[in-house]
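Open the structure in your viewer and keep the selection tool at hand. The stops below go from one selection to the next.

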Amino acid sequence: MADPTSTPRPRGVTTDGALSPAASGSPEQVLRAALAECQAAQEALRHDATHDALTGLPNRVLFLDRLAHAVERGRRHKEFRFAVLSLDLDRFKTVNDSLGVRVGDEVIVDHARRLEQCVRGEDMVARLSGDEFAILLESLADDADAGRVAERMLRSLSHPVDTREGTVFSTASIGIVLSSSGLEAGDDANVRLLQQASVAMSRAKAAGRGRYEMFDRGMQARAMARLRMETDLRTAVERGEFELYYQPMVQLESGRVTELEALLRWRHPTRGIVPPLDFIPLAEETGLIVPIGSWVLADACRQVREWQERFPREEPLTLSVNLSVKQIAQPDFVAHMVGIVRTSGLDPRCLKLEITESIAIDDPERTRGMLDELRGLGVRMYLDDFGTGYSSLGQLHRLSLDAIKIDRSFVMRMTEGPMHWQLVHTVRNLARNIGVTVIAEGVETAEQLAELRGLGCESAQGYLFSRPVPAGEMERMLERDPRW
Ligand code: C2E
Ligand code: CA
Ligand code: CA
């Protein structure tokens, strides 16, 4: 990103780095002049080594050096308080990618100047890398000042920047760590403070960007746990630690198992079985859900194809697989899916994909196009967890869904009072009007099952029939072919 040609060249040094011819005179004069130039060159080199070429701000080296001094002073004088801020521009990569690096540089320089204006002379604003800045506030009267400076910075950076390509809007996220929260022992206390500020900054990003967060120790522990989980998750794919459990869906008219939902489990080497809600959000954030999701589809299709052959029926057993937003966002999503299903030999008409409202709402036109393409091959679409989002059935119907799965929070309370019963009843009627099938999730009691039958729901799933079970156990159930 830094443009080397904009580096201020030290006086006395020519473009090729050689010293310029010294003034003529007595040998002593010549020597003195040469020495002076040498010193100037050294000075310039030192400046370059400690400053960022693009903005002229101190760089990481100088910042950490200054921070080390602040730590020393803080250890000696309890009343000396300071704060470290880690600041990162939000979605800056988009600016670089869409408007070009030169415009990105303009924005960085402009923001650097604004940040300098938000602090006092004794404070330091440094540029650590691309769009990452660090600020050392040494002039804290009290800890709350740090928050006030952060707010001032956020406000200042939120004003648009005029660039050669037009106006650019950006926001930033800030993490703050206070010296009063405890200075650690050791030579690298400065490095640690900067890391803690950065952890708090990541929290600010996760909490919605354009804001600041104060560091606390719990944050560090959570960040570490998350990092460990992420590392483990990356290797889990290669080591084959994933396993699929299956849960039956029962057709209420016949009382038979007609369909299986594949549910992911992670057999962690030390933690044992990890439930999906403990790792899928992280897998989605890191993008790891894409390879994991491909594995789920391939393995489930292969398995159900095998069961179809072992337990032949008039209406073959069908499979339902959960999809994540991240998978649909892949440019080659449809082709990729089709490839996996073809390889498995499963008839695409036996496959259902469970999507959530967020998928449907993110980019409705594109989603619709892709779902239509898959539907053209016979794949059907289910809307998962219906009732937990905000969209109406009418909006969702534009995606031409085949079924909706009523979330278990409704089913659970259905037998508790008339309101929830009425809700399920209304959903059932609405669905019937638009020709969509209804599947009830989380059925745990015989009473709930009776109510659902009375309402005319087509299918149900829940612990009453079976919990999600490993493939071996599911196989025995298919063999028994139970009726409810
Ligand atoms: P979901 O798709 O709503 O799956 C149903 C969840 O409800 C399962 O939890 C299941 O064990 C649980 N459940 C089923 N019947 C009952 C019941 O009668 N009572 C109660 N209390 N719970 C019941 P599980 O397996 O922990 O999965 C949780 C979520 O993780 C799933 O919710 C789904 O959103 C996600 N998930 C699971 N596997 C995958 C996968 O392969 N890919 C993706 N993207 N998400 C998955
Ligand atoms: Ca599901
Ligand atoms: Ca569900």
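Start with C457, which is buried at 5% relative accessibility; buried means under 20% relative accessible area, exposed over 50% and partly exposed in between, with a 1.4 Å probe and protein chains only. This is a predicted model, in which local features need pLDDT of at least 70 and side-chain atom pairs count only at pLDDT 80 or more, while totals for chains, interfaces and linings use all residues. Residues are numbered from 1 along each chain as its sequence is written, chains are lettered from A and ligands numbered from 1 in the order written, and side-chain values use heavy atoms, without hydrogens and water.

Next, look for disulfides (pairs of cysteine sulfur atoms within 2.5 Å): the count is zero. Select C301, which is in no disulfide; the nearest cysteine sulfur belongs to C350, 9.8 Å away. C301 is buried, at 0% relative accessible area.

Now select L351. Apart from neighbours within four places in sequence, its contacts (heavy atoms within 4.5 Å) include C301, L297 and R380.

Move to the calcium ion (ligand 3). Its protein donors (N, O and S atoms within 2.8 Å of the metal, or 3.2 Å for Na, K and Ca; water is not among the atoms, so sites may look incomplete) are D384 (OD), D385 (OD), E441 (OE) and E441 (OE), at 2.0 to 2.7 Å. D384 is buried at 8% relative accessibility, whereas D385 is partly exposed at 27%.

Last, select the calcium ion (ligand 2), 4.0 Å from the calcium ion (ligand 3); D384 coordinates both.
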